[in-house]
Structure formats: C-alpha cells, structure tokens
Amino acid sequence: AYTAEHEQFVFGAGFARELSAPSINYGIAPYVEVGGTFLQRTNARNRAIGNAKITLIPQNFGNFEVGVGVIDAVDAVNQTVYVVGSMDLTPPNWDPTGRTGNPIAFKAHLGAGTGLFQDRLFGGAEMLFPNQISLLGEYDSENFNVGLRYVHDDRFRLQLGLHDKGLIFGASTLFRF
C-alpha cells in the first residue's frame, strides 16, 4: 500500500533468469504515485508498461495502510487492478542499528487483484533485523518466494532472492528534486 512520497522519484531495476526490468515511480501528490517499467524479456517482445497507485488510508491510521493500484494500465502485457493492505509492526523503540531497543520489527501485506494475480489473494511479510537487513517472504498468487534486503540508508536498497525457483536481484534508489 506504500507509495513514493510527494515529489520523490524512485528508480529501480530487477534482474531474473529471463527478465530485466528498469523502473521509475514518482509521487505526483501526497499518497499518489505514477510510474513505468520497461520489461526486457527472453523469448517475448519487450514492453513498456505504466502503473499508478493511491494510498486510501495513510499510515497515520495506526500503522495500517490500504492502497489501490493498476499495473500495466494500457494492457501491453497483462493489465492488473489490485487492492492491498499493509501493516507496520515496528515497535516504537526499534533501533535499526541494533544498539538499543527491540531487535526485530515486522511488516505484512495482504491483497487481491486481477490479471497477474489471477483474481486471487497475494501477500508478503518482511522481518527487519538490526544493521539494515530484512528477511522477505511472499506469495504472488502462484509461487512462494523468499529474499534478503539490505537497506544502506533511506535512499538505497539491494534485494536478492528466489522467485519461481530462479535467482532474482534488484536495487532501488530515491531522489527528491
């Protein structure tokens, strides 16, 4: 349910066995993001897809957010409309450096969608440990996937995981102008 902050760009890229996908998202207004991804696929045509998401219930509603969005808005590959709820169970005294406070925080997501999600539920969880490391798990309506995330700071992240039994690598960075 999370969106890019207002006037913030999020640049990312994901790389898997038969796919590479650079992306950009932009917070055009508070709780509203638009973006695009260029899918470079083995044995399929490369496609540009557009996406948008709105956070309907912002996080100041007790660490719970609800968002709605569309992936591939013009149906170049598989238009998908979805709704997702996200819960942030980070203790108030959580210290990501691990020097003080609680050693673990938790985030969870549950949603449903059309298209890529095949009119089924999807979900994920993230367990955050000190020193900017997270353990990730997700069900994408078809496969269970796992990964690790390293968050260098508020602006740069790296992810490594297994998606549909194949290795996937991703990175993202934030810019504000």
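Predicted model: local features only at pLDDT ≥ 70, side-chain atom pairs only at ≥ 80, totals over all residues.
Local features need pLDDT of at least 70 and side-chain atom pairs count only at pLDDT 80 or more, while totals for chains, interfaces and linings use all residues. Residues are numbered from 1 along each chain as its sequence is written, and side-chain values use heavy atoms, with hydrogens and water left out.

The chain has zero helices and 12 strands; helices (H or I, at least four residues) and strands (E, at least two) are DSSP runs, numbered from the N terminus. The radius of gyration, taken over C-alpha atoms, is 16 Å, close to the 16 Å that the globule rule gives for 177 residues, so the chain is as compact as a globular protein of that length. That rule is 2.2 Å times the number of residues to the power 0.38.

| Property of the protein chain | Value |
|---|---|
| Span of the C-alpha trace along its principal axes | about 50 × 35 × 35 Å |

Glutamate 33 is found in strand E3, residues 32–41. Glutamate 33 is buried but has no salt bridge, defined as a side-chain nitrogen of Lys or Arg within 4 Å of a carboxyl oxygen of Asp or Glu. The nearest side chain of opposite charge, lysine 53, is 4.2 Å away. A polar atom of the glutamate 33 side chain lies 2.7 Å from the backbone nitrogen of alanine 4. Leaving out residues up to four places away in sequence, glutamate 33 touches (heavy atoms within 4.5 Å) Thr3, Ala4, Asn25, Tyr26, Gly27, Asn51, Ala52 and Lys53.

Key:
Buried < 20%, exposed > 50% of the residue type's maximum accessible area, 1.4 Å probe, protein only. Lys, Arg positive; Asp, Glu negative; His and termini not counted. Polar contact = N/O pair within 3.5 Å; in protein donor to acceptor, adjacent residues only side chain to side chain.
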